[in-house]
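Subject: Structure handover

Hi,

Here is the structure I promised to pass on. Please open it in your viewer, and read my notes alongside.

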Amino acid sequence: MKKWAPLIVVAAFAAWFLGGMAPPQPKDGFDIAAFGRLPVLLEGRVQPFDSVARNSLLSISGRSIVRLTNGAPVSALEWLLDTMARPEYADQLKIFRVQHPDLEGILGADKAGLEYYSFNDLTNQIGSLENQATNLLAKEFGMGEDAAKLRNAYQQDLMHLYNSMVLYNRLKNSLEPEGARDFRQELQVYLASIGPGKVAIEQTDEGKPANEQDLERIASFFKRYDEVSRFAYPLIIPPLPGQPRQAWSNIGTNLMLALHTGELNPAATNYAAIATAYRNDKPADFNRSIALYRVWMQENDLYPFLKKGSQEFFFNQIEPFYKAMVIYIAALLLGCIFWINLSEPIRRTGFLLLVLAFVIHSTGLGFRMYLEGRPPVTNLYSSAIFIGWGACLLGLVLERIFRGGIGLVVAGFIGFTTLIIAHHLALSGDTMEMLRAVLDTNMWLATHVVIVTTGYASMFVAGILAIIYIVRGFFTRTLAPETAKALGRMVYGIVCFATLFSFVGTILGGIWADQSWGRFWGWDPKENGALLIVLWNAVILHARWGGMIRERGLMAMAVFGNIVTSFSWFGVNMLGIGLHSYGFMDKAFPWLIGFDISQVLLIVLALTPPRYWASFKDSIPPAPPATPPLPATPSAATS
Amino acid sequence: MLDRLVNFFTSLRLTVVCLCLAIILVFVGTIAQARLGLYAVQSDFFRSFLIYWTPTGTHWRIPIFPGGWLLGLLLLMNLLAAHIKRFKFERRKIGILMIHGGLILLLVGQFVTEIFQVESQMRIEVGDTKNYSEDSRKNELAVVDVTDPKSDHVVSIPESLVAKGGDIRTPDLPFTLRVEKYFQNSFVAGPMQVQGDTIKASEGIGKRLFFNPAQMTRRMDDENEPAVHVQALSDSGPIGDWTLSTWFTRYPRFAALQQDIGGMLPGLSLTDPQSFTFKGRTYKIALRPVRYYKPYSITLLAFHHDLYPGTDIPKNFSSKIHLNNPTAGDDRDILIYMNNPLRYHGETFFQASFEEGDRGTILQVMRNPASMTPYIACLLVALGLLVQFLSHLLSFARKRAKQTKPVVARTAAAVPLMEPALAHGKRSRL
């Protein structure tokens, strides 16, 4: 039984992950997933409706699902479909997140839980919110990007709510004009009125009497679609054969174009059919319209887009990073339990779980790289994913060599923490955003960025190892001398590793800068951050070689490495200056300070004499009567 | 005494102390950028021997911290001294030698770069041709004899000389230039804003457009715009006096100013040269960014600014240029784009920016005699680190393989790399 227990536990987790790959079941007969796979163009890249839904909902509500008042969950995709095709229903869903008490005070309506409002709750205050927001924007006009960083908590929350409402309104006009009763029918009327309308317009231009009714009808359509074209968010109409591959358009623009061509784009009529079927609760029509649209796309050289949409949908569906995160926690707990009861099956289970988490994490990372066609790290979000991955790999290697449960705890802890950080970074929007001109180079992303990020990962591994040493040694009696020595060796080895990667990565960054800006080193904050890591590693290694520190000193310095690395990774971005300030996150600032304080406390612990350490106090020989005589001068010591 | 000095300069303690000080310097220098700006931090913190503190209300300069150059120099001496004293070629130490050799090369290379690097910009509108680049910071007072339509004769006076004030005489000019007033930074004053200290001239643009002194700026993204009031004097008396400023010559200042004053002072063009005639020769006079003339010319054929579809996120900037160098026989088209500069004649041309409405390109022009050093240094250090750590790893693995028991009582894997250095100083108890 003991032999099989680890395998059974791991198989259960693996089944949980694999179960997520099964295609989602239709809901009330509607094949929502089929709609979610359809490709659109947004933020410069082709992505499925599902990604639009998830990213929009995350940025509006900070969550990946909507909860109905009775607690039932609604997926992001269903919510998006409701918003686009049944807005009067979506208007009741509590999705708008408001956190500042003053803002809550103005709104004053019933809210779900602590901080969620529906669109209907907000309608009375729209004018006032809009006024406040436009006043703020007017005040900030001409201040450039700095303005957003100077907002106070109330202003930030106000602008978040305002931007969320703007986004919501745009989504409502993305598939059909907001509140269209029967869009399919409407398009038929529109098509029929184009011919007479054009004649009427020509006649007016020539000064002849024209049919007033035709003129009026075409003018009202024009006005309606013009408005939609200005609001619509994703570009849902794909390019026709012969058009450039990036020539997508939104529904409004496309319908206005029909005035010239005299015919409707088949994609527009298909989408109208899909929207109308959904609104009128006709699942069979809905599913058939989607299938017809897919066939039409395949016949018109659009198969690559369909494929891209389906693949990204699958990636969203299997949630590799969320599942890896859960398994990391399990491995972490098992590692801690092993330290208490030293049961080998527990450690083995933990190790196998870690392998599983690593496989899932790697799958996610590889899938992302494939979807983006990029090296693993392209922004702050992916750097968090990558650091967790690298740390997990190092933890696995350590556990394989030293077998003390230490690798489990390190990998489990860093894997879990970095994925949590990544989750919060994803709140700011699309994580596969396009790269600005200077970053658009796979060569440097694959070398400099990956190597520097590996350096970060190894710094954190060394730091967490040192924390394990300090916490176990100071508070518990479990840090046996050989474990302590082994930890010392691990930290030293990994600091060497980190030195190599940080140095090479930093210099490669300099060379990239030399290639693209013509200067090798510019004292830019991100460059300085990387340099700090290199310098700190050099200090650790030289202090150790010079005999200035031993085991506890090494641990204290490795913990300080956590502070240096977190500053380099996040802190410099919070300064909001420099060429690398690509992700300004003042919300993370208190967390960073809290983290640094905790590290300082650990360093203080590390520096307390061994007689206060639970693991060491028995092994110290009785204190000598006085401090041993030291050489009076350094020169005496050299002789 | 000498022993102590040698011991001081070869000690690992000095290395550790200098590295720690460097960490503090870099950290403070990074934080300070938010307040002081990149340029001020660079010159105060990193390109200096000492950092000074000036108590408010005084003019004292109290040194409080070593600057970047001092720390770099100390580390370099430390490194050289330690290696000279203990140099002994061993296979075991080849990695260490490579690492430190690479570091020395890097430090020296950066020092050479700091001193000899020249940074300038070339701004070309589509269809135009240029044979000079303009310095990003330094200005010159240029007097150009344009009498001969075939070639100009340029006399250039550095701004530092103008700043000293007084009379400027040079054998190249048949008259004296007298600096009446000079502001290191200035702003344009409307006719109603004339205060005590205002530059007005009796000729040229300065007759209608006045300048007041402004606070010196040291921010990276903001440059000083000096203004000067000069009088040209001959032996027989004054020839005339003019207001000169980089407000008329530095892009994009003049473009913005021209737009601002367009309505208020109709008919005034900032780009009109200010000129005068003396003894039958015509001279143009201007305060302008220092120009570096090239023995070749560059024509901008086209500029492209690509966006990602459906967004305004830039995807690429590129300049198609034509290079013409009659002496070297070069006559060809070249495409310069992001991460792909042109290297020519000891200089490198980077796609840096563009003019509003994509009317033209702005190329960054760098001349750096030590530009190759980081590449070689990086290779040396990386190989050295790899050799060093791999040999450790291998010996660790070998020892482990020999042991039947799991790692227990064995000396630390950290075979001290610089054993001799352990000899002095007390061993830490940490």
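Below is what I found, beginning with the conventions.

This is a predicted model, in which local features need pLDDT of at least 70, side-chain atom pairs count only at pLDDT 80 or more, and totals for chains, interfaces and linings use all residues. Residues are numbered from 1 along each chain as its sequence is written, while chains are lettered from A and ligands numbered from 1 in the order in which they are written.

Chain A first. It has 26 helices and 6 strands (DSSP runs, H or I of at least four residues for helices and E of at least two for strands, numbered from the N terminus). Its C-alpha atoms fill a box of roughly 115 × 65 × 50 Å along the principal axes. Of its 639 residues, 48% are buried, a term that requires 20 or more other C-beta atoms within 10 Å of a residue's own, with C-beta atoms placed from the backbone. Among chain A contacts (C-beta atoms, placed from the backbone, within 7 Å) with a separation of 6 or more, 70% link residues 24 or more positions apart.

Leaving aside residues up to four places away in sequence, Val491(A) touches Ala462(A), Leu465(A), Ala466(A), Leu554(A), Met555(A) and Ala558(A).

Thr349(A) counts as buried because 23 other C-beta atoms lie within 10 Å. Beyond residues up to four places away in sequence, Thr349(A) touches Ala5(A), Pro6(A), Val9(A), Val10(A) and Leu334(A).

Where the chains meet, 65 residues of chain B are in contact with 64 residues of chain A. Helix 2 (residues 12-31) of chain B gives the largest share of chain B's side, 12 residues.

Finally, some strand pairing (at least two DSSP bridges between two strands) in chain B. Strand 7 (residues 176-183) runs antiparallel to strand 6 (residues 166-168), with 3 bridges, and Gly166(B) stands opposite Val179(B). Strand 7 also runs antiparallel to strand 10 (residues 227-234), with 7 bridges; there, Phe183(B) has Ala227(B) as its bridge partner.

Best wishes

Technical notes
Contact = placed C-beta atoms within 7 Å. Buried ≥ 20, exposed ≤ 12 C-beta atoms within 10 Å, placed from the backbone.
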